[in-house]
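I looked up each topic in turn and recorded what I found.

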Amino acid sequence: MSDDTTAFDAAAARVRAGASADDEAKVLLGRMSEQEKLGLLDGDEPFWAGFRRMIEEGYNHTPYVHGAVPRLGVPGLRFGDGPRGVVLGRSTAFPVAMARGATWDPALEERIGTAIGLELRAQTGNFFGGICINLPRHPAWGRIQETYGEDPLLLGAFGAALHRGVAPNAMTTVKHYALNSMENARFTVDVTVDEAPLREVFLPHFRAVVEAGADAVMTAYNSVNGEWAGQNPHLITEILREEWGFAGIAVSDFIWGLRNAVASLEAGLDVEEPFAEQRAQHLPAALEADPSLWSLVDETGVRILAVQLRFAARRAPEEPPASVVFSAEHRALAREAAARAMVLLQNEAVDGAPVLPLAPALVRTVAVAGALAKRPNTGDNGSSDVRSPAVVTPLDGLTAGLDGIRVLDAGDDPEQAAATAGEADVAIVVVGYTAEDEGEFIDAGAFLAPELVATYPPTEGDAWADGFLRAERAASGGIVGGAAGGDRRSLRLHDADVALIRAVAARNPRTVVVIVAAGAVLTEEWRHEVPAVLLGWYAGSEGGAALADVLTGAVDAAGRLPFSVPVSEAHLPDFDPDATEATYDRWFGQRLLDRLGVEAAFPLGFGLSYTTFAIDGLEVGRPTGESLPARVTVSNTGGRAGRTVVQLYGEPQDAGEEVPSRVLLGFASVAVDAGASVEVEVPASLRPLQRWTGERLELPSTEVLVRAAAHAADTSGPTARIRL
């Protein structure tokens, strides 16, 4: 079989000129040996060598390569993870995805996707694994920071936007398909779900990103209705391929993403990631015993090659320089996104004026308290970790950004901090979480569970591998260096944080609390003791500078919650981080609060601004298919320019108790000058109103009240009625 290292490029040129990617892929596959065909189906690096490198050197410093065939010029899938930036090398850390969801601005997310795609390509990657849109059924989920919010419409819009941004420079992967919203038990839990909530709630956002053109879908670790997601034919073949018409590839989550090589092939999974593991062990013998399986190998091989050909045909022609990584432009974008994301939850008046923004005429000294004020804290340390070359901490950002204002480091001892705060005009207390509190669950013992060890290839005398299996390396650092992260056990702040807040607030009436977190934090025990609360997120490389922008008013407080925050954990679904079985229904977040008839502490979409807005003149056009045209007028009734988010909610009038009383139909982020009014087109969809009939999703025959609002609980906005 002759070598032709230009064969792939020639095929891609023909696809660019209009040839069928599938046809060209079949020709390429026909030139491959059986060994090369099987090599397409998993990672190129042997398991134990790759696993050792992952543990000792760290995760994804360089691309993980799958299915490269140098003899024919096939580049293979060169994986770089995300989503707060590309994990490769030392890249720009953007705010975590949940923070970006708080901007309610897919256009901004698309710009971030462009930056991520360029940084990935500049570091030899071509396959981005970071479009995470799992629905966080419970806010204690450890990896909530990797997704965008609690609402399927919001998740789909942001996932599609990130895809559009990355796509000119890399293939895109949406994950984790499906029902992945438990971290500690991710390798063992079986999620039971009826078909109706599955179709209505847990899959629409995946469908939206698939329709936007995603190249790959990564399956989840958990099982769904008794079958592992990585070998689940109902999810992969029946829904993803046959119903949605997905033409891309399905790939496994890393290392433990399937449990049976043949079953995964039969279910439609294309690539086992990231190393040569179970398929390398078991498929050769299975193919020898049943040669008919080669037809599935060929079908899979065509899909894998075709997705690479389609990408090569659409890829932007310019090669980005290495200098694009952590460039000044991308750092500025990270700062912009972080500032736009911060959510002002509370801003009460003290002596007749709101505490924020800081007024230069009144503020000469600011005390900054809390250990997190001085900590580079961009999120969890697992597979989404972006190793930014520099991180602007809150204290550094405020010191540099509060021009003419003296900044005092008040420390984190309550007594000392209170004393320092008593000498300042304003006190800022930075509290919250770190990678030790929430994030990817990293535990050596979990990786040595018998059911996971059973997936590993024989060690064949590899001393390192033998030692790993004897748990000799459990404390060696790296990816299995003891437990970290995982699901939160409480939604409260740490007791020490609450004590610090109370001590500082007792000495300084102008106390601002900045919360560093990714999901809902209960604040009822202390927030009435302070005038101002800001959700600052894990804000990325430039988070401290962005914090100064918002606190000074250089940027309006424009973030809006992408989830609801309850008053009590009693208003949340059951959640057992160690469960081996869980049942999911459609009741969570704002939908559950509405069903229970209780008010949120802060509802979905809530956020204050430094100015005020009015929404009037809602006009709803005739539906076109699933689209609902809508227009409103937004007026800035305050004294400074600002930004708000118009949210459209649909309230079915006669749909019964088993249907949410209101669902998000559309939204638009809009900037308005002081005293000005603008007309805003609000793209809306009827899909959130669809119900599963047993065979398909259909719109119910009902009247729907459409309401334009500032947040889910806002009933002051204009309404219109439509008949479906």
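I began with Val191, which stands opposite Val224 in strand S7. I found that two bridges join strand S5 (residues 190-193) to strand S7 (residues 223-224), and that these two strands run parallel. I took helices (H or I, at least four residues) and strands (E, at least two) as DSSP runs, numbered from the N terminus, and I took two strands as paired if DSSP finds at least two bridges between them. I note that the model is predicted, that local features need pLDDT of at least 70 and side-chain atom pairs pLDDT 80 or more, while totals for chains, interfaces and linings use all residues. Residues are numbered from 1 along each chain as its sequence is written, and side-chain values use heavy atoms, with hydrogens and water left out.

I then placed this pair in its sheet, an open one of four strands in the order S8-S7-S5-S20, with mixed pairing. Its edge strands are S8 (227-228) and S20 (581-584), each of which pairs on one side only. Helix H8 (residues 195-202) lies across S5 and S20 and runs at about 100 degrees to S5. For such angles, axes are lines fitted to C-alpha atoms, for helices over the stretch in contact, and the values run from 0 to 180 degrees between N-to-C directions; contact means heavy atoms within 4.5 Å.

Next I looked up an open sheet of six strands, in the order S10-S19-S18-S15-S13-S14 and with mixed pairing. Why does one side of S10 and of S14 lack a neighbour in the sheet? Strands S10 (343-347) and S14 (406-411) stand at the edges with a single partner strand each, so one side of each is left without a neighbour. The twist averages 20 degrees from one strand to the next. S10 pairs with S19 (residues 532-535) in the antiparallel sense over four bridges, and Leu344 has Leu534 as its bridge partner in S19. Helix H15 (residues 394-401) packs on this sheet, touching S13 (365-369), S14 and S15 (426-432), and its direction makes about 160 degrees with that of S14. Helix H16 (residues 414-421) also packs on the sheet, touching S13, S14 and S15.

On a 1 Å grid over the protein atoms alone, a cavity is a set of points where a 1.4 Å probe fits but cannot get out, a pocket is an open set with protein on both sides within 12 Å along at least five of seven lines, and lining residues have an atom within 4 Å of a point. Grid points are joined across faces, edges and corners, and a volume is the space filled by probe spheres set on the points. I counted 12 cavities of 30 Å³ or more. The largest cavity holds about 220 Å³ and is lined by 21 residues, with Tyr59, Tyr221, Phe254, Ser383 and Glu440 nearest its centre. The second largest cavity holds about 180 Å³, and H21 gives the most to its lining, with three residues.

Last, I looked up the largest pocket, whose volume is about 600 Å³. Of the 26 residues that line it, Leu153, Ala157, Leu665, Ala684 and Ser685 are the closest to its centre. Strand S25 gives the most to this lining, with five residues.
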